[in-house]
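I opened my notebook and went through this model piece by piece. Here is what I looked up, in the order I did it.

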Amino acid sequence: MADLARVLAAFGEAYGCGATLWLQPALDAPLEVAATAGGDVTPPTGPHLADDDTIRSRETALGRQLVARVPGRTRAWLGLGPVADDDAEPRRWMRVLIPVLAQLLQGQWEASRATDELAERYEEINLLYSISEILGRTVTLEEAARTILLEVAETVGAEYGALFVHDAGPGLLRPVTALRLKGAPAALPIPTDDPVSVTARVFRTRAALLVNAGVLESEYEAPFRAGAMLTVPIVWTTPDGGIPLGVVCLSGRRGGAAFTAGDEKLVAAVGSQIGTAIQNARLVRASIDQERLASEMRLAHDLQMRLLPDARVVAPDATCAARVEAADGVGGDFYHLFPLGPGRTGVLIGDVSSHGYRAALIMALVMSAAAIHAQTTADPAETVQALLATVEEELRETEMFLSLCYAVVDRAKGVLRWTNTGHPHAFVIGAEGEAVRLEATDPPLGLGPEGLHAASRPWGAHDLLVMFTDGVSDARDAKGRALGEARVLEVLRARRREVPSRIVDGVFALVEGHMGRMRPHDDQAVVALRTA
Amino acid sequence: MSLQVTKHADVVVIEVDGQLIVGNRQELKQKVLDEAEAGARKVLIDFAKAGYIDSSGLGVLVSLARRLRELGGDLRLANLNDDLQTLFELTKLDSLFQISDTRERALESF
């Protein structure tokens, strides 16, 4: 206003005429003196306030005064006087002075607007900064949600609102936090396909929506909606576009004023930040879960390996070596060894029809049951039948089955008896390298009819008993080609005179050479035993 | 793996294209159960285009065969390649299924 006062003072000095400038802060508001350099300061009224460029005259206590509107965004009027009856000169001065004042007022208006915008932007920038800080400090959105909603609501002047996050499984938008109307019930999850809910609609369309009072009212939004509602999607921005993750709703603007496009833009920016935070939190959570799972799997694997017996347990009646490699940390392949009294040794290999935790649990159950039942009877069919009785229910409930071969070598009598429930890879390698398969006597446990069978064959002093699971013969190379049983048998024949540990090592060397850098897709187990 | 379903009189034929393994066995299971739900009792699974079945896949076949038998129906298999035929023989699973070497013979057997 100092500039205006200086201009009017200079004018007064130059022309010897008083000048006053009035401003009207708002339509219909009374005029206020902005600057004066003499003359009557009583604000003009009535027809003198016409919104045109006509110069009008009025009588005042100090004499006649000319009054005219100063054009521009600021509502302003200029008064010059007192003037003489012949006012041609003052009218000319007025036409010179008005554009100067208009220019000054426009400059002031722009400066004022820039200040307001800066203040507004400062508030927005401050909000975005605060939310970044909040989100950066927290791992879960739940911890930050209420603070974020409060900050956003405060900035746009909303009293009520809610923040929803998408739960893809059941197809719901779950409320994470809400600023509810007094006495309102808790906000409920909203089905994403709800036809009325604004929240669901915004989630589906990924476009913000401003609805007026009484429009698209839904019981889902009743707890946090009062009048118009601004609803904005929470979107995680990706190179391919965006993935909707939730929705922010704001309602009940203080003073009843409408939400603006600026509010929508601001909340959309916040929504984008929340979207990134949700995604980051999910990735962090997944990473933590994965690490925890990996750690548990390592423990479970160690535990499972401890269940497997030391191969020396069958000494001195036999020398044995065995090894299990689980595909998923824990697996369903296993072996067991039983010293059954003078000259007799029991060897069991099994493969649960899956791998991972559930297969490992069945395996553990079979291992413990086998240790009991093997001691109660010398007949392998009876032992396996007792085993089946123990695990039958679990196999039925889990839809798994168990292929196993249980062989009892009687060195003294020179006999090998076995029960084989669908285990394809059990062999006796003779002294001359001939491989005789121990044929399946029954389908896998859990699949076949009741009543198991046993078979027998002679056992020579130089015979080698070898059993392996299909993870060995089905091991795949980088091109997906299976190793094949024949190549395993070649190694067994070639190494048949070596100690069992070298035979087992030889088989795994073959498997590893075939797979290269490929990871095994199934568990792998090998057992080799001789009695010489 | 992909599954193609056709009907021949009252027999539903499901052709398996690819490997039947742990990752996709539920797909076959659901398909057969859906057909059974819709009233099918005779189901033939044709493995002409399938090269491999893992132990989980075998388990599903047995489970489906049991389910259909409980409903008074039957599940039969056709066109197992040599490796699969050997696998069924070695594991004695051939004693649990009626297996035909062609689809036509299998359809006639119902």
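**Entry 1: a five-stranded sheet.** I began with an open sheet in chain A, where five strands run in the order β13-β14-β15-β16-β19 with antiparallel pairing. Strands pair here if DSSP finds at least two bridges between them. Helices (H or I, at least four residues) and strands (E, at least two) are DSSP runs, numbered from the N terminus. β13 (333–339) and β19 (455–458) of chain A are at the edges with a single partner strand each, so one side of each has no neighbour in the sheet. From one strand to the next, the twist averages 15°. Angles run from 0 to 180 degrees between N-to-C directions, and axes are lines fitted to C-alpha atoms, for helices over the stretch in contact.

Before going on, I noted that this is a predicted model: local features need pLDDT of at least 70, side-chain atom pairs count only at pLDDT 80 or more, and totals for chains, interfaces and linings use all residues. I also noted that residues are numbered from 1 along each chain as its sequence is written, while chains are lettered from A and ligands numbered from 1 in the order in which they are written.

Entry 2: I looked at β14 (residues 344–352) and β15 (residues 402–410) of chain A, which run antiparallel and are joined by nine bridges. A:Gly350 has A:Leu404 of β15(A) opposite. Helix α7 (residues 380–398) of chain A packs on this sheet and touches β15 and β16 (415–421) of chain A, with its direction at about 160° to that of β15(A). Touching means contact: two residues whose C-beta atoms, placed from the backbone, lie within 7 Å.

**Entry 3: the cores.** Which residues have the most contacts inside the largest nonpolar core? I found A:Ala407 and A:Val527, in a core of 101 residues. Such a core is a set of buried Ala, Val, Leu, Ile, Met, Phe, Trp, Tyr and Cys residues joined through C-beta atoms within 7 Å. Buried means 20 or more other C-beta atoms within 10 Å of a residue's own, exposed means 12 or fewer, and partly exposed is in between; the C-beta atoms are placed from the backbone. Beyond its neighbours within four places in sequence, A:Val527 is in contact with residues including A:Cys320, A:Tyr335 and A:Met467. A second, separate core has 45 residues, among them A:Phe164 and A:Phe203.

**Entry 4: a six-stranded sheet.** Chain A also has an open sheet of six strands in the order β8-β7-β6-β11-β10-β9, paired antiparallel. Its edge strands, β8 (190–191) and β9 (209–211) of chain A, each pair on one side only. I counted seven bridges between β6 (residues 158–167) and β7 (residues 172–179) of chain A. A:Phe164 has A:Pro175 in β7(A) as its bridge partner. Helix α5(A) packs on this sheet by touching β6, β9, β10 and β11 of chain A, and its direction makes about 45° with that of β10(A).

**Entry 5: that helix again.** Helix α5 (residues 261–307) of chain A has 47 residues and reaches 68 Å from its first C-alpha to its last, close to the expected 69 Å. The expected span is 1.5 Å times one less than the number of residues. Its buried residues include A:Asp263, A:Leu266 and A:Gln304.

Entry 6: Most residues other than glycine have a negative phi, and most peptide bonds are trans. I found a cis bond from A:Gly81 to A:Pro82, with omega near 5°. Another cis bond joins A:Ala315 and A:Pro316, and A:Pro316 sits in the loop between α5 and β12 (319–325) of chain A. A:Arg206 has a positive phi near 60°. B:Asn79 has a phi near 65°, also positive. Is B:Asn79 buried or exposed? It is buried, because 22 other C-beta atoms lie within 10 Å.

**Entry 7: where the chains touch.** The contact takes 14 residues from chain B and 15 residues from chain A. On the chain B side, α2(B) gives the most, with six residues.
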